[in-house]
Amino acid sequence: MKSPIPDYLRQVLEKARPDDSGQLANYIDVLAKADPSKMAIALSTVDGNLYSAGDDEVEFSIQSISKAFVYAIAIEDAGLPRVLEKIGVEPSGDAFNKLSLQPGTNRPMNPMINAGAIAAHTLVAGESASAEERVDHILKVLSKLAGRQLKVDEEVYEAELKDANRNMAIGYMLKAAGIISCDPQDAVRGYIRQGSITTNVRDLAMMAATLANAGVNPITGEEIMPHQSARQVLSVMTTCGMYDAAGDWVSRVGMPAKSGVAGGIIGALPGQVGIAVFSPKLDERGNSFRGVKMFEQLSSEMGLHMMDISQGSMWE
């Protein structure tokens, strides 16, 4: 029997399409040239059924969505106690690129803001690893999560590195605070490089579904990360993944999520489904404008809010 899900996903796309609000990420010249008409959506159940609609083969840089998965890799490589020594788990309520650390501990507030993500990057593959070893390891794991070989978009990387002054300042702040031990410039270059990895919505839906499936890729059956790591990542995504819009997101959409300034958003409902959307124009908080609209519709109509007691049987 033909599944009705692809047709429904197309309806969700077309309902969001007429609203042309938002702006491209014009502070990165490559992203400022993105085609604002592109839109896509994908959904993967934890038993391996993958559906998509729209421009689902269009590739875009993963950007800050990488933070969730690199946090998981850091936990695997350094251990959760060591990661928690370096990075907090509290919502910041601030912009993602603010130069700030927790009073007393000097830790970044959480791994979903730039300061925390740069710190997490340095914990990958061991604290003595080179910048190249860290990025190679991240690319390998993200490719396993997606189920295909991913690559770095060199044009995006060079464009972001050219204007990386604020992130470089964050790197030096982390070094001065004793949070990172490697060269701050190497840390920031690696962090920018991880965000320049290209994906499409089908990749991201599978990656999100792996988080929802306790770290096991729903199609390959491979355990990419331990259950405890997936749980930690989902917990922090719930409270911090959408930056200073996290509270609004949880109340309206109600699932762990992470956004990126290229226009992607992922959501993962534990035990059920991973979802990804793409639309390049962003709202004032740096989240895809149409992407948020699509998630709101999915959550409302499909009962995906994690506080909705009726959602437990929807895939049976």
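This is a predicted model: local features need pLDDT of at least 70, side-chain atom pairs count only at pLDDT 80 or more; totals for chains, interfaces and linings use all residues.
Which residues of helix 1 are buried? They are Ile5, Pro6, Tyr8, Leu9, Val12, Leu13 and Ala16. Viewed down the axis of helix 1, these buried residues fall within an arc of 160°, so they line one face of the helix.

As an example to look up in the structure, Ile41 has Ala53 in strand 2 as its bridge partner.

Between the two strands of this hairpin there are 4 residues. Have a look at Gly48 in this hairpin, where phi is positive, near 95°.

Gln63 is not a glycine, yet it has a positive phi of about 50°. You can find Gln63 in the loop that joins strand 3 (60–61) to helix 3 (66–78). Is Gln63 buried or exposed? Its relative accessibility is 7%, so Gln63 counts as buried.

Ala214 is another non-glycine residue with a positive phi, here about 60°. Ala214 sits in the loop between helix 10 and helix 11 (227–240). With a relative accessibility of 27%, Ala214 counts as partly exposed.

Leu139 belongs to helix 6, which covers residues 131–146. Because its relative accessibility is 16%, Leu139 counts as buried. Which residues does Leu139 touch once its neighbours within four places in sequence are set aside? They are Gln149, Leu150, Lys151 and Ile197. For Lys151 there is a distance to go with the contact: 12 residues separate it from Leu139 along the chain, and their C-alpha atoms are 7.2 Å apart.

Thr210 is part of helix 10, residues 201–212. Thr210 has 0% relative accessibility, and therefore counts as buried. Apart from neighbours within four places in sequence, Thr210 is in contact with Leu145, Gly215, Val216, Asn217, Pro218 and Ile224. One of these partners, Leu145, falls within the span of helix 6 (residues 131–146).

## Arg189 on helix 9

Next comes helix 9 (residues 184–195), which holds Arg189. Arg189 has a relative accessibility of 30%, so it counts as partly exposed. With its neighbours within four places in sequence left aside, Arg189 is in contact with Tyr157, Leu161 and Met168.

Along the chain Ala164 and Arg189 are 25 residues apart, while 8.8 Å separates their C-alpha atoms.

## The largest pocket

Helix 9 returns in the lining of the largest pocket, where it gives 4 residues, the largest share. The pocket holds about 360 Å³ of space. It is lined by 19 residues, and those closest to its centre are Tyr27, Ile28, Asn114, Glu160 and Asn167. Which elements give two or more residues to this lining? They are helix 8 (165–176) and helix 9.

## Enclosed space

How many cavities of 30 Å³ or more does a search of the whole structure find? The search finds 2. The idea behind such a search is simple: rolling a probe the size of a water molecule over the atoms shows where empty space is left.

In the largest cavity there is about 40 Å³ of space. Its lining is made by Thr122, Leu123, Glu127, Ile179, Ile180, Ser181 and Cys182.

Notes: Residues are numbered from 1 along each chain as its sequence is written. Side-chain values use heavy atoms; hydrogens and water are left out. Buried means under 20% relative accessible area, exposed over 50%, partly exposed in between (1.4 Å probe, protein chains only). The arc is that of the directions from the helix axis to the C-beta atoms. Two strands pair if DSSP finds at least two bridges between them. On a 1 Å grid over the protein atoms alone, a cavity is a set of points where a 1.4 Å probe fits but cannot get out, and a pocket is an open set with protein on both sides within 12 Å along at least five of seven lines; lining residues have an atom within 4 Å of a point. Grid points are joined across faces, edges and corners, and a volume is the space filled by probe spheres set on the points. Contact means heavy atoms within 4.5 Å.
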